[in-house]
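Open your viewer and get ready to select residues by number.

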Amino acid sequence: MMKTTSPTAAKKAPDKPRTIHACNFRSAGRLSNENARSLTAIHETFARQLASALDVYLGTALEVKLQALDQLPLHEHVAAIAPLSYIVPFSFSTMPGAVIVECDVNLMFPMIEVLLGGPGTSDNEPREPSEIEEEIMQDVTALIARQAELAWHMPNMTMVSNHRIKSSLLHQYCPANEKVTFVQFQVAIAGRHGSFQLVFPTSFLNALLKQIKLEQPQHKGGLRYF
């Protein structure tokens, strides 16, 4: 006959001591390594596709490289934007918010010059673009947005170009203390170097990461720890 032990007679295990960890609130909510790797991979593909599309559009060879991936509160990002940058918000057809395309002045004028038939090597003094130059840059940023759409594979999503804005108006698209994610690219064209970046609000970043995970192959039988 099996002998049973009363629950009240069982010895209670001692409680484990609580461990307190310091929290760095500045880094709270930052991208995980896995998400950063996923975003890096998809935007390296985007850079190659964009280089090919710009090569055809501009009629000259150029190179596009992923340079940086980071997150900052919007007000810190705005403070770091180079003066006279060409900034265009692209709103979504299926969700609120916008992706921002920001081209610095060192990229803007070589591209414009090449499209107007020049060599793209002239030294232009930093200045605001003319109306014709603005129209040209609107087409360039629209091409960038189109290639981004193709790389992201977001279903039923198209981006609609808005008018150029000043950096001080970016708070209209997300709160000043919200973290935005920016992906920066360096472009080499006609011996000159400039950069542009894509800026994502949190809502779009979450939707993009969800889509990336849906497209990743599922590994069956593995253990997942939370």
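Is His-153 buried, partly exposed or exposed? Select His-153 and show the surface. This is a predicted model. His-153 has a relative accessibility of 45%. Buried needs under 20% and exposed needs over 50%, so His-153 counts as partly exposed. Now look at the backbone. His-153 sits in the loop between helix 4 (131-152) and strand 4 (159-161). Its phi is near 60°, a positive value in a residue that is not glycine.

Next, select Ala-190. You will find Ala-190 in the loop between strand 5 (179-189) and strand 6 (192-200). Here too phi is positive in a residue other than glycine: the value for Ala-190 is near 50°. Ala-190 has a relative accessible area of 25%, so it is partly exposed.

Move on to the largest nonpolar core, which has 49 residues. Select Val-64, Trp-152, Phe-196 and Leu-198, the residues with the most contacts inside this core. Zoom in on Phe-196. Leaving out residues up to four places away in sequence, Phe-196 touches Phe-46, Leu-50 and Val-64, among others. Its contacts also include Glu-102, Cys-103 and Gln-184. Another core lies apart from the largest one. This other core has twelve residues, including Leu-72, Ile-81, Ala-98 and Ile-165.

Last stop: the cysteines. Which is Cys-103, buried or exposed? Cys-103 is at 1% relative accessibility, so it counts as buried. Select Cys-174 as well: at 9% relative accessibility, Cys-174 counts as buried. How many disulfides are there? With a cut-off of 2.5 Å between cysteine sulfur atoms, the count is zero.

Methods. Residues numbered from 1 in each chain as written. Predicted model: local features only at pLDDT ≥ 70, side-chain atom pairs only at ≥ 80, totals over all residues. Heavy atoms only, no water. Helix = DSSP H or I, 4+ residues; strand = E, 2+ residues; numbered from the N terminus. Buried < 20%, exposed > 50% of the residue type's maximum accessible area, 1.4 Å probe, protein only. Core = buried A, V, L, I, M, F, W, Y, C linked by side-chain atoms within 4.5 Å. Contact = heavy atoms within 4.5 Å.
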